[in-house]
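Please open the structure in your viewer and keep the selection panel at hand.

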Amino acid sequence: MSGINDTNEMKKQYGTDQNLNSRILLHRLFSTNKQGWGHWVFENYRLEPGLSILELGCGNAGIWKANAEKIPRGMRLVLSDFSPGMLDAAKANTAAIDSAEYRVIDAQEIPFDSGAFDIVIANHMLYHIPDINKALSEISRILKPDGIFYATTLGKNNLREITDILRDFDDRIDFAQDSVTEAFGLETGGKKIGGYFNTVRVERYPDSLHITQARPLVDYILSSEGNVTEIISGDNIPRFTQYINDLFIKKPFIDVQKDAGIFIATDPDTRQSQ
Ligand SMILES: C[S@@+](CC[C@H](N)C(=O)[O-])C[C@H]1O[C@@H](n2cnc3c(N)ncnc32)[C@H](O)[C@@H]1O
């Protein structure tokens, strides 16, 4: 098991939403696609009044907060995460959404009846799960036969330039991008979902980062997974901060590729989830 799907590591990383917020801030400040990830993801959901929806690993529920006015009335919306701290942040962010319920749930063991939901969502979280097949089997089990599963994730070119910058600083640094996309990425996830759903398609969100300030980039990197904070710690932090500052002195911006998208799966294969 690598760090990105080690349950104890994940509980530390996601004890609160602080690390997630540092990472979201870099995207908010410097993304070139002004539609915004959260609005684009929400546009892909087919929501209607009366549907029941379960989100797994909802984090701080930022996407629901950003789209609160567009949520159809009369839906049952269950927001869940295995971290109670994350769920507290989700509650605070969605206080205005009347239909929201909150549950601590591990995606590998979902405490709902078969066929209970019209929609299940698992955004940027399946790569953290020790047994992805168990989670996918549970997801297909709790969906109705005409239900839809949405799962966002990253592709292998995501943040390639940041990976290179870190390697130039210290070649022992593993920024975990490769382990994320190997576990469940845009290139690998379709086959995994295809074991439990008869139809799967992927949509990619066109975007990149045009970073013009050092501080948010340093904060992003120091909130990351992999072994970044083992290597950049203590006395190394000022040296690393100086290294990033110097990059912006040489050139006033750093352009970085982003590669993220959403899987949309239908027709759950119930034979696989019994
Ligand atoms: C990268 S964050 C994504 C949060 C949110 N879905 C988003 O897209 O902003 C991953 C989330 O998955 C949660 N998580 C990790 N492993 C989990 C598991 N086995 N079951 C449920 N949630 C899990 C973490 O607590 C964290 O909130």
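This is a predicted model: local features need pLDDT of at least 70, side-chain atom pairs count only at pLDDT 80 or more; totals for chains, interfaces and linings use all residues.

Residues are numbered from 1 along each chain as its sequence is written.

**Stop 1**

Now select tyrosine 14, which sits in the loop between helix H1 (7-13) and H2. Helices (H or I, at least four residues) and strands (E, at least two) are DSSP runs, numbered from the N terminus. Is tyrosine 14 buried or exposed? Tyrosine 14 is buried, because 22 other C-beta atoms lie within 10 Å; a residue is buried with 20 or more other C-beta atoms within 10 Å of its own, exposed with 12 or fewer, and partly exposed in between, the C-beta atoms being placed from the backbone. Not counting residues up to four places away in sequence, tyrosine 14 touches Ser83 and Met86, where contact means that the two C-beta atoms, placed from the backbone, lie within 7 Å.

**Stop 2: helix H4**

Select helix H4 (residues 62-66), where glycine 62 is placed. Glycine 62 is buried, with 21 other C-beta atoms within 10 Å, and, leaving aside its neighbours within four places in sequence, it is in contact with Ile24, Gly38 and Asn93. Alanine 66 also lies in helix H4, but it counts as partly exposed because it has 16 C-beta neighbours inside 10 Å. Its contacts, again leaving aside neighbours within four places in sequence, are with Gly38 and His39. Alanine 66 and histidine 39 are 27 residues apart in sequence, and 7.2 Å apart in space from C-alpha to C-alpha.

**Stop 3: helices H2 and H10**

Select helix H2 (residues 18-30) together with helix H10 (residues 214-222), which pack at an angle of about 145° with their axes 8 Å apart. The axes are lines fitted to C-alpha atoms, for helices over the stretch in contact, and the angles run from 0 to 180 degrees between N-to-C directions. The contact is made by Ser22, Arg23, Leu25, Leu26 and Leu29 of H2 and by Pro216, Leu217, Asp219 and Tyr220 of H10. By class, this contact of H2 with H10 has six nonpolar, one polar and two charged residues.

**Stop 4: the nonpolar cores**

A nonpolar core is a set of buried Ala, Val, Leu, Ile, Met, Phe, Trp, Tyr and Cys residues joined through C-beta atoms within 7 Å. The largest one has 54 residues, and those with the most contacts inside it are Leu56, Val120, Ala122, Leu126, Ile139, Phe149 and Ile193. A second, separate core of 14 residues includes Leu159, Leu209, Leu217 and Ile254.

**Stop 5: two positive phi angles**

Finally, select histidine 124, in the loop between strand E4 (117-122) and helix H6 (132-142). Its phi is near 45°, a positive value in a residue other than glycine, and histidine 124 is partly exposed, with 19 other C-beta atoms within 10 Å. Then move to aspartate 267 in strand E9 (residues 260-268), which has a positive phi of about 60° although it is not a glycine. Aspartate 267 counts as partly exposed, with 16 C-beta neighbours inside 10 Å.

Methods: Ala, Val, Leu, Ile, Met, Phe, Trp, Tyr, Cys and Pro count as nonpolar, Asp, Glu, Lys and Arg as charged, and the others, Gly among them, as polar.
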